[in-house]
Amino acid sequence: MSGGEVAGILVAVFWAILVSFLALVLVRLAQTLKAATKLVAEVTEQAVPLLADASATVRSANTQLARVDSIAADVQEVTANASALSSTVSSAFGGPLVKVAAFGYGVRRAMGRAGKEPTDARTVIVGQKLPSARRGGRRTRGKG
């Protein structure tokens, strides 16, 4: 055998090993792709019903929000009506009612003072000093 024949045999063996390795890689890649395809199919089967349920839930929530919006509009209208009624009652009865109450207070006070002389409970003596307890503040108490 010559050197060229040995080199040819080595190249052939190398190519055989390389092809075997590539075949093994392709088989593993095919298995991985098959598993990924199966996983995607299972996820799709489970996701479609979930999306349908989510869509139904969103529709129901929109219906409930429309009802709440209607209730809020009604409450706002009732509040406006109550405010208008309150201001009407206040303007119609507020002024005269205050005048009647003031008149009644004045009459009671006048009747209570009838026959009594006014007395002044406080007497001011000019030139008298305050007692020492009242002269100082908190800072001077307890010192000395």
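**Terms and their grounds**

Q: How many aromatic pairs does the structure hold?
A: This predicted model holds 1 aromatic pair. Its members are Phe14 and Trp15.

Q: Why are Phe14 and Trp15 called an aromatic pair?
A: Ring centres must lie within 6.5 Å, and those of Phe14 and Trp15 are 6.4 Å apart; the two rings therefore count as a pair.

Q: What makes the pair of Phe14 and Trp15 edge-to-face?
A: The planes stand at 70 degrees, and an angle over 60 counts as edge-to-face.

Q: Why is Phe14 called exposed?
A: The relative accessible area of Phe14 is 53%. The term applies over 50%, so Phe14 is classed as exposed.

Q: What part of the protein chain is buried?
A: Buried residues make up 0% of the 144 residues, where the term requires a relative accessible area under 20%.

Q: How do you know that helix H1 falls short of a straight helix?
A: Helix H1 covers residues 3–113, and its end C-alpha atoms are 145 Å apart. A straight helix of 111 residues would reach 165 Å at 1.5 Å a residue.

Q: Where does a kink lie in H1?
A: A kink of about 40 degrees lies at Phe93, shortly before the proline Pro96.

Q: What is the secondary structure of residues 6–29?
A: The span is 100% helix and 0% strand, with its end C-alpha atoms 35 Å apart. UniProt, in an unreviewed entry, places the feature "transmembrane region" at these residues.

Definitions and conventions. Residues numbered from 1 in each chain as written. Predicted model: local features only at pLDDT ≥ 70, side-chain atom pairs only at ≥ 80, totals over all residues. Heavy atoms only, no water. Buried < 20%, exposed > 50% of the residue type's maximum accessible area, 1.4 Å probe, protein only. UniProt positions renumbered as here; feature names shortened; annotations may be inferred. Helix = DSSP H or I, 4+ residues; strand = E, 2+ residues; numbered from the N terminus. Phe/Tyr/Trp six-rings, centres within 6.5 Å; stacked < 30°, edge-to-face > 60°. Expected span 1.5 Å × (residues − 1). Bend = angle between axes of the 7 residues up to and from the residue.
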